[in-house]
Amino acid sequence: MSGTAAQGPRLRPSLDGIPTYRPGKPAGADAFKLSSNENPYEPLPGVLEAAVVAAGSFNRYPDMAVGELTAELARRFDVPAEHIATGPGSVGVAQSLVSSTAGPGDEVIFAWRSFEAYPIITQVAGATPVPVPLTAGEEHDLDAMLAAITPRTRLIFVCNPNNPTGVAIRRDELVRFLDAVPGDILVVVDEAYREFLRDEQVPDGVELYRDRPNVCVLRTFSKAYGLAGLRIGFAIAHEPVATALRKTAVPFGVSQLAQDAAVASLRAEDALMVRVEALVVERARLREALLAQGWTVVDSQANFVWLRLGERTTEFAEACTAAGVIVRPFPGEGVRVSIGEVAGNDIFLATAEAFRKTL
């Protein structure tokens, strides 16, 4: 073997600076997992059955066009089928969005802290991430995001409600922002937690996209619909953007199990909303209990709550683990706690109460 061959292949040097995505820590048999914003309920009626039937033919490739689900989504949201693109979770679609718009020398703007994947998928594309700090109230600083726009800006992510803080942007603010963004910059309104919203002043991104060619809406089946393990999400965007997403998508990237389970989930929305409402009620219970303990807790519109703990974040997460609940720490910043089973939520509240007394 020559010396040159022994060195191995040359990889992109820029990959060295890209952080690895860190999922929520898995829970053991004796712990509750409140770290990944998963739906704690079993699959909706009819969904498991649809997936089992689909599994009987997984020796075949899935429908690459995702035809039945696309038609179902087009009816559900009253949009042209040509405006829909699917992918392996909304993060897979988000990666295609970055690939379609940005490359070396280009910039992607997003609030920070926000969804952990935004800077990663931006750097993978060779583009430059431009994080804009949240306000003191854990909100998107939309004025600062507008000020961050340069001739190199190609895409802006707006996570609404925001992950991991749960704070949502209201209609007047978001409309003003969208109207101020140049029309040649794509704005992606990431609504992974849309179903958990109860603030009527927060707009539906699908309504905002209709007369704005530079607005794309991201949705997922991973959260409210409980299909996190099947990896399926979708975008609603005007045809040039949706076409670009289909061009940059991994061929056959959405399994037939995921497609059929998603269709069945859409057809079980009555049962879905009963479960979502139960999680919203439990979210309110947790927030009220934390406020009573003396914590500062922003009004989350997602399926989690956020505690800013600064330098004691890791210590708090370790205390939760020792008590039997796994939460999602962002070291030096805070913890995100998914709304899970009542028993797990109660353990978290007891741990938070004890920890509060040490602050």
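Which residues touch the most other members of the largest nonpolar core? Of its 78 residues, F177, F221, F316 and F348 do. The model is predicted, so local features need pLDDT of at least 70 and side-chain atom pairs count only at pLDDT 80 or more, while totals for chains, interfaces and linings use all residues. Residues are numbered from 1 along each chain as its sequence is written, and side-chain values use heavy atoms, with hydrogens and water left out.

**Nonpolar cores**

- A nonpolar core is a set of buried Ala, Val, Leu, Ile, Met, Phe, Trp, Tyr and Cys residues joined through side-chain atoms within 4.5 Å; buried means under 20% relative accessible area, exposed over 50%, and partly exposed in between (1.4 Å probe, protein chains only).
- Another core, of 24 residues, lies apart from the largest one, and A85, A102, V108 and C159 are among its members.

**Cysteines**

- Zero disulfides (pairs of cysteine sulfur atoms within 2.5 Å) are found in a search of the whole structure.
- C216 is buried, with 0% relative accessibility.
- The closest cysteine sulfur to that of C216 belongs to C159, and the 13 Å between them is too far for a bond.

- Helices (H or I, at least four residues) and strands (E, at least two) are DSSP runs, numbered from the N terminus.
- Helix α5 (residues 117-124) is largely enclosed by the rest of the structure, because seven of its eight residues are buried.
- Those buried residues are A117, Y118, P119, I120, I121, T122 and Q123, and they pack against α4 (89-101), β3 (107-112), β4 (128-133), β5 (153-159) and β6 (186-190).
- G126 follows α5 and has a positive phi, near 90°.
- S96 belongs to helix α4 and is buried at 10% relative accessibility.
- Beyond its neighbours within four places in sequence, S96 contacts L245, T248 and A249.

**Salt bridges**

- The structure holds 22 salt bridges, each defined by a side-chain nitrogen of Lys or Arg within 4 Å of a carboxyl oxygen of Asp or Glu.
- R176 and D143 form one of them (3.0 Å, N to O); R176 lies in helix α7 (residues 171-180) and D143 in helix α6 (residues 142-147), so the pair ties together parts that are 33 residues apart in sequence.
- Both partners are partly exposed, R176 at 43% relative accessibility and D143 at 46%.
- R219 and D204 also meet in a salt bridge (3.0 Å, N to O), which links strand β7 (residues 215-220) with the loop between β6 and α8 (205-209), parts that are 15 residues apart in sequence.
- In this pair R219 is buried at 5% relative accessible area, whereas D204 is partly exposed at 24%.
- E282 and R285 are joined at 2.6 Å, N to O, and are separated by about one helical turn because they are three residues apart in helix α11 (residues 269-293).
- E282 is buried at 9% relative accessibility, while R285 is partly exposed at 30%.

**Surface patch**

- Y61, M64 and F252 make up a nonpolar surface patch with about 380 Å² of accessible area together.
- Patches are made of residues with over 30% relative accessible area and no salt bridge, with like charges joined within 9 Å and nonpolar side chains (Val, Leu, Ile, Met, Phe, Trp, Tyr) within 5 Å; accessible areas come from the Shrake-Rupley method with a 1.4 Å probe, and for residues only the protein chains shown count as cover.
- Y61 sits in the loop between α2 (47-55) and α3 (67-77) and is exposed, at 68% relative accessibility.

Methods: Contact means heavy atoms within 4.5 Å.
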